[in-house]
Structure formats: C-alpha cells, structure tokens
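Let's learn to read a structure together, one feature at a time. Have a look at what follows, and then we'll talk.

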Amino acid sequence: MSASLTDDRMAQATQLQLTWWRFCRHKLALISLGVIVTFYVIAIFADFLAITDPHATDARRSYMPPQAIQLFDADGFNPHVNGLKGVRDLKTFKMTFAPDQGRKLKVVMFAHGYEYNLFGLIPTDRHLFGIEGGQPVDGIFLLGTDQLGRDVYSRLIVATRISLFIGLAGVTLSLFLGVMLGGISGLYGGWVDTIIQRVIEVVRSIPTIPLWMGLAAALPNTWSVTQVYFAITIIISLVGWTELARVVRGRFLALREEDFVIAAELAGAGQTRIIVRHMLPSFLSHIIAAVSLALPAMIVSETSLSFLGLGLRPPAISWGILLQDAQNVQVLSGAPWLLVAAAPVILVILAFNFLGDGLRDAADPYG
Amino acid sequence: MLIYLARRLVLAAITCIAISILTFIIIRLPPGDFVDAYIANLASNGSVVSADQAQAMRREYGLDQPVIIQYGMWMSRVVVGDFGVSMMWRRPVTEVIGDRLWLTMAVSFSALFLTWTIALPIGIYSAVRQYSLGDYAATLLGFIGLAIPNFLLALILMYLGFRYLGLSVGGLFSPEFSQAPWSMAKAWDLAKHVPLPACVLALAGTAHQIRIMRANLLDELRRPYVVTARAKGISELHTVLKYPVRAALNPFASSIAYLFPYLVSGSIIVSLVLGLPTVGPLLLQALVAQDMFLAGTIVLLLGIMTVIGTLVSDLLLMWIEPRIRLQGRA
C-alpha cells in the first residue's frame, strides 16, 4: 500500500520536486545550503550585524587583541565588556592592552551605533548589539583590531557582502557567456563547434593568474571603487565561462539525440520552443550544479587578486583585502587574529562544493 | 597517432600566438606608458625630465609607433630570442629573469609529479576499500585540499611553522646559497626546499584527482566484467589493476592534462607568500611599474612553458593510456 502511494507521488511529481527530494537525501549538501543561506543573510544585513564602523580608525587601539563578552558579573546576569587601556611599552614601542578594571561597558541589544542605510535605502543607526551609550573610543572588539585600530569583526561582516556578491555577479556573466557559446556550439555543431571548442582549449591552457594580474594591473588608478569592482568581475568571469560552456554543450549534444526532442521536431515545434520548452527543463539542474561549483572559484579569484593588491582597493572591504593585512609573518606573530578572514573563505568554498556535489547528484532524478 | 600529434602541435602553436597577442594587449591596456610611470617616479624623487628627453626615451623604446608595429617589432625580436631591455632594471630581460623561470618550472613540475604519484594510488585505494579508514582519511584530505586556496594554505603553514617550530618557512635556498653560483651543493639545497611549496601547490589538484579517480573506479568496479574476472579466479590485485583501473584512467587522464596551467598559475601567488625566487614576485613588480617588456616576457614565457609542459604531460599520458588517442578529448 505505502509502496504504491510512493509510486503515485513519484509518478505525479514534477521534475523540480523529484530533484528536490533527491537533493534532500544528501545531508551534507542540505547543511551546506543552510550555511550558504546564512552567509547571504549576513551579507544582506551586514551593517546591522556589525558593531563598530568598519572604516573608523583609531591609532590608540592599534592591534588590540580580541575581547570576550562577559555574561555574568557579581550581580548576576549582566553582559559586559571590560574597558581596555592601551599602554605603550617604552622599550619595544609596542602597544600592550590591560583591562581597565574600573570601566565596565554594558552590552545591550539593538544599540545605537554608527549610521548606515539598511538595504541601501533606510537610514538607521540600530545594530544587533552594541555598547550602551558608548564613547566612540570604546567598542566591543570580538576579533581584535588591525593596525589602524579598525574593528576586525565588523570589517569581516561587511566584507562578506562584496566577497559573496562579486562571486554571484561573476558567475552570472560567465553563465551568460557559457550558455550562449556552449549552446551555439552544441546546437549547430560543425565548424562553429570546432572553433568554439578550440577557443575553450586555448583559454584553458593559459595560466590564469598571470593573466588576471596583467588585466587587473591595467585598471587605471583613477577608477572609483565601483568601476574597479565591475572590471574585476568581468576579468574573473572571462576565464570562468569555459567550464560552463563545456557543460552546456555536453548536455545539448546528449539531448539532441533524445527521442522526445526528435518527436518534438517531427511534430513541427520551432527551434526556440524545442530549446525553451523541451530541452531547458532537463538540463537546468545541471547548469545550477555547474554554477554552484563555479561560484567558489570566483570567490577565490577575487580573494587572490585583492590579496596581491591588484584586485579591489581600499576603502572597499573584501576578504582578500582583509587577508592582505595578514600577508606578513612578522605582523601575524604579533596579531594572529588577522588570519581570521581565512575562515569564512574556507567555509564558503567548502559549502559551495558540497552543495554543488549534491545538486549534481540530484540533477538527474531518474538516474 | 601522427595525426593526433600534429593536431596537438598545431593547437599548441595557436595557443602560443594567442598568448603573445593577449600579453601584448594586456601590457598596452594601462593609460600612459612606461615613460609616464618613469617620469612620475623621478618627479617623486625631485628630478625633472624635460619633454625632449621623454620624447627621446619613447623613440628609443619604440613607444611612438602604432600598436601593431610595436607588436611586430617585439615579436620579430622575440622569435630570435631577444626579449628586449627591462625598462625598470635597465638590463636585458633575459638577464633579469635569469634562473627564476626555471625555478618556477621546477616547482610546478614537482607539484605535477607529486599529484600524479599521490592521486592515482590513493584514488584506487579509496575506491577499492570504500568506507574504510583510509578512504575517510583520503576524503578528509580531499576536503582540505578543496577548501583551502593554496596561498591561504601557504600563509597558514608559514604562520604555524613560525609560531610553533620557530622556523622561517619559505624561500628555495638557504641564505648561504641564494647568491652562490650553481653547484651540486646548491642543487641539493634546492631539492631540500622544493617539497614544501610543491606540496602546497599539489594539494588542491591531488584532492580533485583523487575524487575523480575514486568516482570513476567505483562505477567500473560494479560492472559485470569485474565479477566475471573474479569468478574466473583471477587474483584480486590483478583483477582490479588490469581491467577497471585502466577503464577508469581515461577521465582521470583527460582532467590531469589541464592541471599544469593551474599549477603554474598557483605557483605565482604561492611564491609571493612564501618568498620563492620564481617569476611571481618579479611579475608583480613589473606590472606595477608598467615595465612592458619584462612583464610581457614573463607572461609569454610562462604561457609557452605551460603549453609545452601540458603537451609533454599529454604525450606521457598517451603513452600510458593508448585509448586516449583513439577517443580524442572530451
């Protein structure tokens, strides 16, 4: 009885439902989907989640080590941070920080902080949490500060936005190129196919990083942050499209011979209708899988370029720019918390890869 | 066989030309030229260059000619091995690059060799002993290799080495050898320093190849012919190595062919982190200074070396796995 019920459900389900059911069997991919959604939510609400203005510098708190929020004190539950006082060591000229016992900074939810525009539209100064009536000097530095005394935690949160969305933008562009060229290649075959395949081979046999470095270094210094952002997106997608084109072409070639496509052709359907109505639904999930495998490569590209100082330029904040501060062992030995920007990069890449794997398995629900 | 070889050679030649054109375009993209950058640099030191001098410099370097003629001039000299003079160092480009190109290739080839020798046995092992401890270990290694970009791995290793072992990880030579002429002792010193960067570079590729080999071999192991071979009483080792491994090698081999450009790319950025005397740091400097002959030569030589390296690795694989030449490339 139950078996036939499942059969009925299977028989009536749409392709999307089948794919989703199969995807849900892949636990790691499901968790990864959660992780990625969380990251994008963080990116959207970045300013709300940040505590201190990520651009605010203060020489008095250069390289301040991470602080923890103390939940309890002698009076019971009372979340607070101990105020820190910087003292310069007169021998080494290094700043050392000691707790300033008299000062307890009360941590409250939905505190007022620096002003920003939520979703770029709504001006507000509310943050998820912060210090009650805090002085500009005081703050919670969950992950310490960098050389200029900027809050690493807030910078990390805000960097999520650029790093994740540059990946999306790059993938969109690659997808456009890949689907166009791969589709043409697979659909028409013949000499068009040969030329496009050779171009792909040539592009793939060029070492990409020197190429990116050259292109990125060619961007004029006078360009604004936004212009550089778009230019970098274009640069990283110029290389990324080949893999997508290969996937699309492969699917086109395989589907062209399928019975249902031939049937549609014999029934007199136009080419556009065949592609959109008959072929697209059966390789859409393959494309989604290829995209989710291409995204981490894009994110790494941006991170690498910014890390080299050829990608985005300050005041833009991305994971690569944060890692640029951590380039040097001398700096790292004094301020190891600067390496924290490596964590989200690794986590996102891992999550996208698992997601892509799960989607690729799910893409063929009848397999 | 000969047709396949000819096809590969023609393709390699086309790739080299494409690389040279791309290189030249890249180098010409920035507004202004080297002379502008040079003048700005001198001006920041308080010196002034007159317009006449600037014009003379442009003429000397051929910067006053149309782009196509500049490209032609550059290429006609490149073909006979004259890569021009580095404008930044005021020395021939070949002299500036020196050993760096060979060191880059040494590091990349070591990484390629490592990938081949590690990925294949581990891939076979984790497919044959699926869900064993070794398989899980290989999977874990795969995840790490997949998730950590190689420059981050270099950075983390460098920090850990410094923090817990007190070592300065990095470089390709001990200080006493870095300026010394080539000798057996220096070569041995290099051999001792190469494994770390090679491992850093090879990890991601190895992880990827293990996954491919494992997945393909798992597919093959379930085929009826494997059962037949077993039923006929052929030893397990023989059964696995003789039939399914050979069948699973094809996708493995065709994806390893694209590994070399990837490794060369990676070596550039890893060199910057680990302070290796390869072309990486030099390229970055040259690009920042808009030293077009130096940067162009580096990108061009890297590209050509990569094409040759890929070709060699293709031919090797073809020799190992004859079916590739019959089926062509996916």
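A: Let's start with burial: a residue is buried if 20 or more other C-beta atoms lie within 10 Å of its own, exposed if 12 or fewer, and partly exposed in between, with C-beta atoms placed from the backbone. Keep in mind that this is a predicted model, where local features need pLDDT of at least 70, side-chain atom pairs count only at pLDDT 80 or more, and totals for chains, interfaces and linings use all residues. Residues are numbered from 1 along each chain as its sequence is written, while chains are lettered from A and ligands numbered from 1 in the order in which they are written.

Q: Is Ala247(B) buried, exposed or partly exposed, and why?

A: Ala247(B) is partly exposed because 17 other C-beta atoms lie within 10 Å. Ala247(B) sits in helix α13 (residues 244-256) of chain B. From there to Tyr71(B) is 176 residues along the sequence and 47 Å through space, C-alpha to C-alpha.

Q: What share of each chain counts as buried?

A: For chain B, with 330 residues, 38% count as buried. For chain A, with 367 residues, the figure is 40%.

Q: How do I check the length of a helix?

A: Work out its expected span, which is 1.5 Å times one less than its number of residues. The 15 residues of α8(B) should span 21 Å, and the end C-alpha atoms are 21 Å apart, so the two agree. Now try α5 (residues 152-188) of chain A: its 37 residues reach 53 Å from first C-alpha to last, close to the expected 54 Å.

Q: Where is the kink in α5(A) centred?

A: A bend at a residue is the angle between axes fitted to the seven residues ending there and the seven starting there. In α5(A), a kink of about 25° is centred on Ala159(A). Just after this helix, Gly189(A) takes a positive phi of about 60°.

Q: And how do I read paired strands?

A: Two strands pair if DSSP finds at least two bridges between them. In chain A, β1 (residues 70-73) and β2 (residues 76-88) run antiparallel and are joined by three bridges. Together they form a hairpin with two residues between them. One bridge links Phe72(A) with Phe77(A) in β2(A).

Q: How many residues of chain B touch chain A?

A: Count residues in contact, meaning that their C-beta atoms, placed from the backbone, lie within 7 Å. By that rule, 42 residues of chain B meet 34 residues of chain A. Elements giving two or more residues to the chain B side include α1 (2-28), α8 (150-164) and α16 (292-320) of chain B.

Q: What do the buried residues of α8(B) pack against?

A: Their neighbours are α10 (271-308), α12 (329-334) and α13 (342-362) of chain A, plus α10 (195-221) and α14 of chain B. Among these buried residues are Phe151(B), Leu152(B) and Met158(B).

Definitions and conventions
Helix = DSSP H or I, 4+ residues; strand = E, 2+ residues; numbered from the N terminus. Contact = placed C-beta atoms within 7 Å.
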